[in-house]
Amino acid sequence: MTGSFGPTMDRRTLLKLGGTGLALTGLASLAACSSSGGGGGTNASATLKMLYFGDQKAATTIQKALQPQIKKIDKNAGLEITAINGTDWNDFIAKVLTQIAAGSAPDLVSVATEGLQQMAAKQMIMPLDSYVTKDMSSLKSYFDDVHPALVESMMYQGHLYELTDSFNAGSMFYSTDLYSQAGLTAPSDKWTMDDFHNNAEKLATLGSKTNAFDWVVRLWGSWTSFLYANDGNLLTEGKYSGGDWLWNKAYADNPQAKGRRGGWKWGDPTANSKAAIEALEYVIELQRANLSPSPDVGGGGTLQGLFASGRIGMTIGGGFWAGGLHNAGMKDGSFDVQKFPIWKSDKSLFGAGGYGIFNTSKNKDLAWEVVKMLVKPETFDLVYPGNVTTPARKSLMTADRYKTTGPDHWSVFWDQLDGSVPISAPPYYQALATSLNQRTTQAISSGNAKAALDGMQSDLEKAQANS
Amino acid sequence: MSTATETRVTASRAKSLRAARRPGARRAARREAVFGYLMIGLAVAFVSVFTLIPILVSLGLSFFSWDVITPPQFVGFKNFTRLFSDGQVLSSFGVTIVLAIGIVVLQIALGLLLAVLVNNRKHKWTKALFRTTFYLPLLASTAAVSIFMGYLFDAKFGLINYYLNEIGLPSVPWLVNPTTAQITMVLVVVWQQVGFTFVLFVASLTSVPTDVLEAASIDGAGPWRTLFRIKVPLISPTILFATVVAMINAMQLFDQPFIMTKGGPGTATTTATISMYQTGFQNLQFGYASAIAILLLVIILIVTGVQFLAARKLVFYQ
Amino acid sequence: MTTLEVESTLREAGRRRRPIVKVGSVVGMIVLIIGVIFAFGPLLWTLSTSLRTPAEAFTNPPQWIPTDWDFGNYVAVFNEIPIGQFFLNSVIVTVLIVAGQTVTCTLSGYAFAMVSFPAKNTIFGVFLATMMVPLQTIIIPVFIIVRMFGLSDSLSALIIPALGSAFGTFLMRQYFMQMPRELGEAARIDGATQFGVFWHVYARMASPAIATLAILNFSGFWAEFYRPLIFLNSQSNFTLPLGLVGLQGNLGTGSISVVLAGVILAMIPSVLLFIFAQRYFIEGVTAGSFR
């Protein structure tokens, strides 16, 4: 963004206008915006503004906790954290965009996999390469502690855009109560789709008050998990070149870092590939056979409530369910988790979260220090009290952490990352998500997976062309 | 208008025309005009700055392509030509109109029915009790309503299907089937919005002058006659208002379908505003989104205009 | 007719009509009761679920009146968010908006209904048209203007843009148009000023309308979410709906029962206001509406 917003375009000018002249001038003002904070006078002291997707109580706590650290770096600096939580990713994006439009973009932002490539492609957030390289010695312990799959998911076109602090892998949660009632033993970590189906059929014999399986229509953890296990995807999987600057320095000896390059390159859509049609037809089949009800759309709050009240045998959830189910009143021990079953492959999905710096920030150095602070181990539980997400740091994944909330096999969350692929979130993620919602519900109500997926294929091709 | 009113109107117009011819009449008219402008001054000021100007800016945007990050680029009428060949967006307008008609008809009919019934109650405390109860749904935010209605209408575990099953009826796939999803949306919105029309009509009915009602009952008019020949015409300005506002709001329906079904199943509950929101805030095409907003504005204007035209025949002002 | 004859005619007519009226009254009552069940049912479910844990939220048949009243969820609401601050902010914002709109809408509504001035209908038409563009379309320009006035991240950002309202003006205009013009004309002939006519004659007749507008505005702005979301940054400025969203937790991990407890808590002030407004405004006016 060029030009300055403040003095040249003041309220008198805007009010004087009428008719079309007004519209055009108004647009000119929107065009000429910067993050200089034109509305009020900015002085030399920097107050970093951060917008993040999480708990407001945590925001205030971190803000207080980090003030002394910030003052140590720069006496005049301050940090102001606004949390947007509970609501959709949509509300969050709306707020960010409005602030950018008004020339008051935040300095720091938390973006999950869903929005990362969109923001990177639009150059809203900046590559952290130079900062990471500069501080590699102090960051080595961070990289040692974080699975390379997560780091790779934060890269785009060879650059690293965020430091990740959390993730959620799509694992299979099951009710131990219902399992024992149906005479089933706990699934092993090598269980297959056949095992899953058999278990589901046994669970169905428990009567109509419960469902063997249930799910929610969304990109993370819906029929997409089955798609991944079927060795498929909605978009062609590829990798950007580059990234050696990171892998060689931070993950030199890590076998899990082999083959990782410059971030996921999402290619041509494969929505109506054989693997996709099979996967979608499978969940439709589950519904026909009464093994699962028709899914809800959206947040998954209902799904969690139903699972917590013991009405569902198995469903797809992530680390965030540990805290979620606990908050919903489900007793520790009445549920457990296992890796997603193996179909044609053991590929499974995950999404990650982290912190990035806005390109227009005037305090990038300070912002970088805050980012590093936010990924420290001790910050995690300040930001996410109660196991409401999975820590990216292996050192934080301990039995102690999951003692109160469960599940017993919490190590599955981390183990599943080997061989996993992030959810397909290209720069046109929003259009993809909308199409996924529409076409999936269409398939569920019509029973015709192929027609719906053909439609989705053309939606995605259009979106890809427009992006 | 009835003949009585016509005569009255003609008579008062004749009076004011005669008055206008008198000396000093023009000064009086100017004084009245000044008074008028002063009275509307505050309202006009606030609405202009904070609503009208933003609307003009947004509408101007429809001739541009803008993704918020980079400066807008002028594209002329391209957004509009794209709009008229965009099947998805156009079908969202169809959805909007279908839902709006259902919502408004139910809302006005039920609101009027309940207001009349409550007003006829003899005892003050029953009146107050009913008034409060029917107003309650309006007090919950649309987001909260979407959340708990989502639970109640759940096809498998929801309360509504449970009770339907108890009385022997089959479960309805409320939010799963496209048609029933639309019906559910109408029901959820009407559940709250009836409170709105209800409150309007109650206040209006209370203002009906009692001597007119007494005269009617002396003349031997029964309750139905009184209702249709006297009460309804006397509150017809409020009915017009309620219908116009209900229609404008219904055509901008966003919260409930967005939260409950995200516009699904398929696109069965994707309204025009949802389509606009997705285009703007999700696909970052604010210019195109503004073009959609213009089309919506035009349609609402036409619908409202039609309502006002019909009102000339049906609405009775004193 | 003599008084006696009038009375007996009325009595006879009444006797003829009474059985029909009684049936109508009973049917009416039944309809009202059904209405109450539909209106109140979901709210009762919300209330009773807020008194239990989410795991019990899906037990059917639900316990309409829970056996163990667990106010823990309500306590949790107070623990998790500074609900007192949010409440205060909501009160300030809503009361000021309602008061402000009462003034601007009553004045302008009266003028559009009863006063003649050039371009009246055009101006009113433009007013109406502003209601036809949804908030999402204009939120970005509005935010820019709010910021230009230096109001962002303050309660004023919510209050000042809402002091005028096309909807409110429209509502008051319709109510004023239901009032007879003769009263005003009579007062003018008696020598009252334009404003005097408004103040002494019509304003007091407008009490039900003003009360209605206040009630509708109160519940509307009390529950408002989108503008606070975009305009407010610091938590100390949050209004109730925005603050309550925090109860949902990240990615929906909060307890649904706590969320519903928050919903119930948020509704209470509006209910109280309505009960109060009913008694003093709507009912109080019935007697003196047209005497």
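Predicted model: local features only at pLDDT ≥ 70, side-chain atom pairs only at ≥ 80, totals over all residues.

**Two domains in chain A**

Guide: The C-alpha centres of domain 1 and domain 2 of chain A lie 27 Å apart. The bounds come from an automatic or database domain assignment. Domain 1 of chain A is 44-169 + 239-264 + 351-426, and domain 2 of chain A is 171-234 + 270-347 + 428-466. Residues are numbered from 1 along each chain as its sequence is written, while chains are lettered from A and ligands numbered from 1 in the order in which they are written.

Visitor: How many residues does each domain of chain A give to the contact?

Guide: Start with the rule: two residues are in contact if their C-beta atoms, placed from the backbone, lie within 7 Å. Here the contact takes 30 residues from domain 1 of chain A and 25 residues from domain 2 of chain A.

Visitor: Which elements supply at least two residues of the domain 1 side in chain A?

Guide: Elements are DSSP runs, numbered from the N terminus: helices are H or I with at least four residues, strands are E with at least two. On the side of domain 1 that touches domain 2, those elements are α5 (113-121), β6 (163-169) and α18 (411-415) of chain A. α5(A) gives the most, with four residues. By class, that side of domain 1 of chain A has ten nonpolar, 17 polar and three charged residues. For the classes, Ala, Val, Leu, Ile, Met, Phe, Trp, Tyr, Cys and Pro count as nonpolar, Asp, Glu, Lys and Arg as charged, and the others, Gly among them, as polar.

Visitor: Is α5(A) mostly covered or mostly open?

Guide: Count neighbours. A residue is buried if 20 or more other C-beta atoms lie within 10 Å of its own, exposed if 12 or fewer, and partly exposed in between, with C-beta atoms placed from the backbone. α5(A) is mostly covered, as eight of its nine residues are buried. Among them are A:Glu114, A:Leu116 and A:Met119. After α5(A) comes A:Gln123, with a positive phi near 60°.

Visitor: Why does A:Ser166 count as buried?

Guide: A:Ser166 has 26 other C-beta atoms within 10 Å, so it is buried. Its place is in strand β6 of chain A. Leaving aside neighbours within four places in sequence, its contacts include A:Ala352, A:Tyr384 and A:Pro391. A:Ser166 and A:Pro391 are 225 residues apart in sequence, yet 4.5 Å apart in space, C-alpha to C-alpha.

**A sheet in chain A**

Visitor: In what order do the four strands of the open sheet in chain A stand?

Guide: Strands pair if DSSP finds at least two bridges between them. The order is β8-β13-β7-β14 (chain A), and the pairing is mixed. β8 (211-214) and β14 of chain A are at the edges, each with a single partner strand, so one side of each lacks a neighbour in the sheet. From one strand to the next, the twist averages 20°.

Visitor: Which strands does β7(A) pair with?

Guide: β7(A) runs antiparallel to β13 (residues 312-317) of chain A, joined by four bridges. In that pair, A:Phe173 is the bridge partner of A:Thr315. Another four bridges link β7(A) to β14 (residues 335-338) of chain A, again in the antiparallel sense. There A:Ser175 stands opposite A:Phe335. By contrast, β8(A) and β13(A) run parallel, over three bridges.

Visitor: What covers the two faces of a strand, and how do I read them?

Guide: In a regular strand the side chains alternate between the two faces of the sheet. In β7(A), A:Ser171, A:Phe173 and A:Ser175 are on one side, A:Met172 and A:Tyr174 are on the other, and all are buried. Five of the five residues of β7(A) are buried, so the strand is largely enclosed by the rest of the structure.

Visitor: Which helix lies across β7, β8 and β13 of chain A?

Guide: Angles run from 0 to 180 degrees between N-to-C directions, and axes are lines fitted to C-alpha atoms, for helices over the stretch in contact. The helix is α14 (residues 301-308) of chain A, running at about 140° to β13(A).
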